[in-house]
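Please look over the following model, with attention to how its chains meet and to a few individual residues.

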Amino acid sequence: MRNLNAMGLVRHRLFWPLAALIALLVANTIRTTSFLNIRVQDGHLYGALIDILRNSSPLILVELGMTLVIATRGIDLSVGAVVAISGALACSFLASAPNPNSIGTVLVACGIALALSLVLGVWNGFLVSVLGIQPIIATLVLMTAGRGIAMLITSGQITMIHSTPFKTIGSGFWFGLPAAVLIAGAVFAVVATVTRRTALGMLIESVGINPQASRLAGVQSRSIIWIVYAAAGVFAGVAGLMISSNIMAADANNAGLFIELDAILAVVIGGTSLAGGKFSLSGTLVGAFIIQTLTLTVTILGIPPAVTPLFKAIVVIAVCLLQAPIVRSRLAVRRPARPVPVEVAA
Amino acid sequence: MAIDQLAGRTPVKAAVTSLRRRVRLDRRHLPVVGTLVVLALIFAIGGNRYENFLSGRVFSNLFINNSHLIVLAVGMTFVILTGGIDLSVGAVLALSSILSASLLQNNWPAFVVIPLAILVGTLLGLLVGVMIHVFEIQPFIATLAAMFLARGLCYVISLNSIPIDNPTIVWLSSTRYPIGDSWVVTPSGIIALGVVAVGFYVLHYTRFGRTVYAIGGGEQSAILMGLPVARTKVLVYVISGTCAGIGGILFSVFSRSGYSLTGVGMELDAIAAVVIGGTLLTGGSGFVLGSLLGVLVLGTIQTIITFEGTLSSWWTKIVIGALLLVFVVLQRAIAARRR
């Protein structure tokens, strides 16, 4: 019975985000009838929907890590800085490499960028799990210092690079689909498999629901927290490679700016509570699509893109209000059988 | 380089400990004293390295350049003391700033514009407070939404920078009251210090302030004690929003213009200042004066990096990050010892 309730809850949680996404897509289709068209050109798929998929790839990557971190009652504000650092490192390496077009060089560049991202993730994990500093402030340290480090790497310049293999990551195509989409999809599949087909997902949720109890039950909460921050770092690193490859430059100031806020927003839109515990990877995916579709919609409607935050705010407030306990209990009057939620919001 | 020098302060700490034994310092004040020591240390480093660093001019400039941040930090202190967080202050500051610039451009009188711009901050704070209290949205998300809302509204008002030539603002911005030989005070500095004084009074000498500390110490206990928790929780965000509104006016005065991109990341500076000032992010412990010192620490680091000349601007971020780390770890150590 508990399971049934949980299922109903998940369905309910995803209902409004999905409705918002569909409403956005319908609005776009009414405005531009060719919006949903996907055409094939040189064996590659093109179209607004493909654009949404591709543009949301870095966000999805960052969000996957963020979802796991939030599920353990944490938060990672430093992902934007990690995005900038990873891009800066890869681009600086490629800019000074003798042969930036060789696949080997690009792999090494990506490798060291991801290794540094992992180190940064592990550092966050150390602060949170070993020193026991609150996640917001622990990751705020790297968020503040990180952009400085990225600028240190690029010496404050925007490092332009020319490297065909590196360009593939952000704007190339594999099997007719954008490479970025495939990478994000693969990471999503791996995370979904690991968290949902093994016990890891449950352990993460148990740490988020009650760290004390799960520790007493023998869950290695410290290493689990460490793992999720490390994963968030690596995923942000991949996103950083994507973003810098998309513009073929490292912009320490603007790469991944506010991506942490977008990611947190998307996670919340997707129905994962910031209080930790249950997380929904599919909800996270929907959240990323909503944010990206919204951005595209604003552009299509001819509104200055700078105004996008206003619409984001409206969507967040709407979705949050619809998920608020007081509104949900009003909406749930029709189904009196629903039990009163036991957990009081923190 | 600056980090090394900051790290090597163990003897100073020992001195502080012995001093505390002698003067019987309250343990609650320890973090603030730590901030004061760091500030003194940074000044010592600056004075040692550069001529003219230890001058009234440098110190006066700290208040001129950071008056808006001081006001933001005061509001943020209230919020953090209750265990919340306000991410919207930077964007609200920008909104208040560009709104005032835009209205002044349309020849609205300053005595209408200034209260109106502050009121916008108050209203946004009220919105956040209601979202947090009535709809039980986490402070992080509610203020994030408010941040996007305010930033979006900025762009709706204007995408370009609007210069301000209103005589009142010009007067506020160019007036200097000299004190002694090299010290000056500006109206903005006086307003900022006034806000600090009001914040200090409200926190320590009113029931409201006591409730703020009580909520941070334990919300459940505060409710059981019959304190007006709901009202107080909404009010702290109203205060923070109002402070952001005032900060916006001060920033307009400082830059004599309004621009929708001002204050990006300023909420982080404010949070960093509050944390460096010794306020615990879990709430319940901290002082407005500490936050003032925190802002001065940030400002002095900025000044040193400007004085250094060869150090690039990004070192500011790295040093602030490192300092934040040191303080957080220190807080953690103090909290652990207390247990």
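Ala270(B) sits in helix α13 (residues 266-276) of chain B, where helices are DSSP runs of H or I with at least four residues and strands are runs of E with at least two, numbered from the N terminus. This is a predicted model, in which local features need pLDDT of at least 70 and side-chain atom pairs count only at pLDDT 80 or more, whereas totals for chains, interfaces and linings use all residues. Residues are numbered from 1 along each chain as its sequence is written, and chains are lettered from A and ligands numbered from 1 in the order in which they are written.

Ala270(B) counts as buried because it has 36 C-beta neighbours inside 10 Å; the class requires 20 or more other C-beta atoms within 10 Å, exposed means 12 or fewer, and partly exposed lies in between, with C-beta atoms placed from the backbone. Leaving aside residues up to four places away in sequence, Ala270(B) touches Leu69(B), Leu72(B), Ala73(B), Met76(B) and Val89(B), contact being C-beta atoms, placed from the backbone, within 7 Å.

The contact between the chains takes 37 residues from chain A and 37 residues from chain B. On the side of chain A that touches chain B, α5(A) gives the most, with 12 residues.

Technical notes. Two residues are in contact if their C-beta atoms, placed from the backbone, lie within 7 Å.
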